[in-house]
Amino acid sequence: MALSRSNWRSTAESIAIPLAALLVALVLFGIFCMFSGKNPFAIYGAICKTAFGSWNAFQGTLLRAAPLMLTALCTALPARLGLMVIGNEGALVLGGLGAAAMGLILSYGSITPSPTQLQATLGLAPTLVQIGMALGGIVAGGVWIAIVGALRHYRAVNETISSLLMNYIAIALLNHLVEGPWKDPSSLNKPSTFPIPELYRLGNIGSTRIHYGLIYGLVACAIAYFLIQHTTFGFAARTAGGNVKAARIAGLPVGKLTIIICFLAGSCAGLAGMVEVAAVQGQANASIIAGYGYAGILVAFIARYNPLAAAVVAILLGGIINSGGALQRSFGMPDATVLVFQGLVFLVVLYSESLYGRFKVFKEPEVPLSPPPVSSTAVTV
């Protein structure tokens, strides 16, 4: 279907403003590098080379993009309902815990298997165990963010504040479990759960270093886009997001929509936690708190809450994150320098939200109203 002129202008605006925001952030980051005594153009070149300069470098970028795609949906989906949820990190952590628990139960029959149980697994098919871990992560993350939706609908608790605070609760719960009831006694330096058997972990795609978590992220973004844009459920969610009072008058179940959307959002971040446990760490520990949840918020903002655009932005941001080590090795800059760049992008993108609708080039030209026709009927005196 062809775009109307107004749709074309709106689409151009939604692309031009985020791109301009990224350019401004690049300039500000370059100024920061200059004050640090570094050549900003050399740093930009190193970032591009490390992120996209070779197939091997691009594989590292895709590895970091996979969880970003999933955590971005945790903010993007509720935003279509008018909710600003930033509990991505907490849902990821709970998803990792749920996946680790299901993986150990399906592997050994217990979250804390005895030495005898560790001698042999239960013999289930790897695909079945991986599906179980995915469901564990989806349910744990989904329920965690559904609580935020329920607090918003039934108690009018601000979802931004509640989801932010629940991040810290989730992290505290992770630390409690991996350092206490679920701890593997052999994990001395880094308290962790018992490791998931190698047979049941997510493997790599072909001969690459890219694990199947990337497929999960791409498929989740495609499904989320179809759900929001091409189903009656998505239409109802967008209608409620546009005007809640009008949605209630029209008879839409706003409360049910809120909880379902929040569950779906949390399930995506929970699946990201499952990917980190089943494909990267092999067990649940503090290493899954890598900041992917917070970075996913930035991805959702830049993508304007569009799931398909979130996949593209996640690859871009994944490349920036992947370049942190190169900046440290080549320029002697802290590995956290990329966090400065992320912060600048976040601030500029937030400011750019106030620019929508202000530029005439993106506005539909006003059509002058023609004067009413003059009646030719003569009045008889």
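This is a predicted model: local features need pLDDT of at least 70, side-chain atom pairs count only at pLDDT 80 or more; totals for chains, interfaces and linings use all residues.
Side chains of opposite charge can pair when their charged atoms come close.

One of these salt bridges joins the side chains of Arg304 and Glu353, with 2.7 Å from N to O. This pair ties together distant parts of the chain, since Arg304 sits in the loop between α11 and α12 while Glu353 belongs to the segment after α14, and 49 residues separate them. Arg304 is partly exposed, at a relative accessible area of 30%, and Glu353 is likewise partly exposed, with a relative accessible area of 30%.

Another salt bridge brings the side chain of Arg152 to that of Glu159, at 3.4 Å from N to O. Here Glu159 counts as buried because its relative accessibility is 6%, a value that falls under the 20% limit for buried residues, whereas Arg152, at 35%, is partly exposed. A further salt bridge is made by the side chains of Glu198 and Arg201, 3.2 Å from N to O. Glu198 has a relative accessibility of 61% and therefore counts as exposed, the cut-off for that class being over 50%, while Arg201 is partly exposed with a relative accessible area of 23%.

The C-alpha trace of the chain spans about 115 × 55 × 40 Å along its principal axes, and of its 381 residues, 47% are buried.

Rolling a probe the size of a water molecule over the atoms shows where empty space is left. In this structure there is 1 cavity of 30 Å³ or more, and the largest cavity has a volume of about 70 Å³. Its lining is made up of Leu22, Leu298, Ile302, Val313, Leu316, Leu317, Ile320, Phe341, Gln342 and Val345. Sorted by class, this lining of the largest cavity holds 9 nonpolar residues and 1 polar residue, with no charged residues. The helices α11 (292–302), α12 (307–322) and α14 (337–352) each provide at least two residues of the lining of the largest cavity, and α12 gives the most, with 4 residues.

On the surface, a nonpolar patch is formed by Val24, Val27, Leu28, Ile31 and Phe35, which together have about 490 Å² of accessible area. Ile31, one of the patch residues, is found in helix α1, which covers residues 5–35. With a relative accessible area of 39%, Ile31 is partly exposed, and the patch is made of residues with over 30% relative accessible area, so Ile31 lies above that limit.

Gly357 and Ser10 are separated by 347 residues along the chain, yet their C-alpha atoms are 9.0 Å apart in space. Gly357 has its place in the segment after α14, and at 40% relative accessibility Gly357 counts as partly exposed, because that value lies between the 20% limit for buried and the 50% limit for exposed residues.

Definitions and conventions: Residues are numbered from 1 along each chain as its sequence is written. Side-chain values use heavy atoms; hydrogens and water are left out. Patches are made of residues with over 30% relative accessible area and no salt bridge: like charges are joined within 9 Å, nonpolar side chains (Val, Leu, Ile, Met, Phe, Trp, Tyr) within 5 Å. Accessible areas come from the Shrake-Rupley method with a 1.4 Å probe; for residues, only the protein chains shown count as cover. A salt bridge is a side-chain nitrogen of Lys or Arg within 4 Å of a carboxyl oxygen of Asp or Glu. Buried means under 20% relative accessible area, exposed over 50%, partly exposed in between (1.4 Å probe, protein chains only). On a 1 Å grid over the protein atoms alone, a cavity is a set of points where a 1.4 Å probe fits but cannot get out, and a pocket is an open set with protein on both sides within 12 Å along at least five of seven lines; lining residues have an atom within 4 Å of a point. Grid points are joined across faces, edges and corners, and a volume is the space filled by probe spheres set on the points. Ala, Val, Leu, Ile, Met, Phe, Trp, Tyr, Cys and Pro count as nonpolar, Asp, Glu, Lys and Arg as charged, and the others, Gly among them, as polar.
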